[in-house]
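Hi,

Here's the structure I promised to pass on. Have a look at it first, and then read on for what I found.

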Amino acid sequence: MKAIFISYNQALNERVMDVLDKHFLRGFSKWELTHGRGSVDGEPHFGSHAWPAMNSSILTITEDYKVKPVLDALRQIDDSTRQHGLRAFVWDITDQM
């Protein structure tokens, strides 16, 4: 099993949710408002007067074989909307209950 953490500009919410639906990732936890700043480039998303954009974040757990197709779909979104910002990270899940 793998965990996929996705952090993205709220403007991309519908597109990210479509990826989850198309890959049958039904279970997830979502944080509607997350602050962030990219490690390479892009503007901060702080929800302030100076930096009004905001992020949302999702954590979903899935089978290993679904990770690559999901990341590929997310990469396509990011490539077509670079100014918004979208990042995804994958962790191993070693135990569950």
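A quick definition before the details: a polar contact here is a pair of N or O atoms within 3.5 Å, where, within protein, one must be able to donate a hydrogen and the other to accept it. Also keep in mind that this is a predicted model.

Thr60 sits in strand β3, which covers residues 55–62. Its relative accessibility is 1%, so Thr60 counts as buried, because buried means under 20%. Setting aside residues up to four places away in sequence, Thr60 touches Lys2, Ala3, Ile4, Leu20, Leu25, Gly27 and Phe28.

Next is Lys66, in the loop between β3 and α2 (67–80). Is Lys66 buried or exposed? At 14% relative accessibility, Lys66 is buried. A polar atom of the Lys66 side chain lies 3.4 Å from the backbone oxygen of Phe24. Beyond neighbours within four places in sequence, Lys66 is in contact with His23, Phe24 and Leu25.

Last one: Gly36, in the loop between β2 (29–34) and β3. Gly36 has a relative accessible area of 18%, so Gly36 is buried too. Not counting residues up to four places away in sequence, Gly36 touches Pro44, His45, Phe46 and Asn55. Its C-alpha is 9.6 Å from that of Ala53, 17 residues apart along the chain.

Cheers

Definitions and conventions. Residues are numbered from 1 along each chain as its sequence is written. This is a predicted model: local features need pLDDT of at least 70, side-chain atom pairs count only at pLDDT 80 or more; totals for chains, interfaces and linings use all residues. Side-chain values use heavy atoms; hydrogens and water are left out. Helices (H or I, at least four residues) and strands (E, at least two) are DSSP runs, numbered from the N terminus. Buried means under 20% relative accessible area, exposed over 50%, partly exposed in between (1.4 Å probe, protein chains only). Contact means heavy atoms within 4.5 Å.
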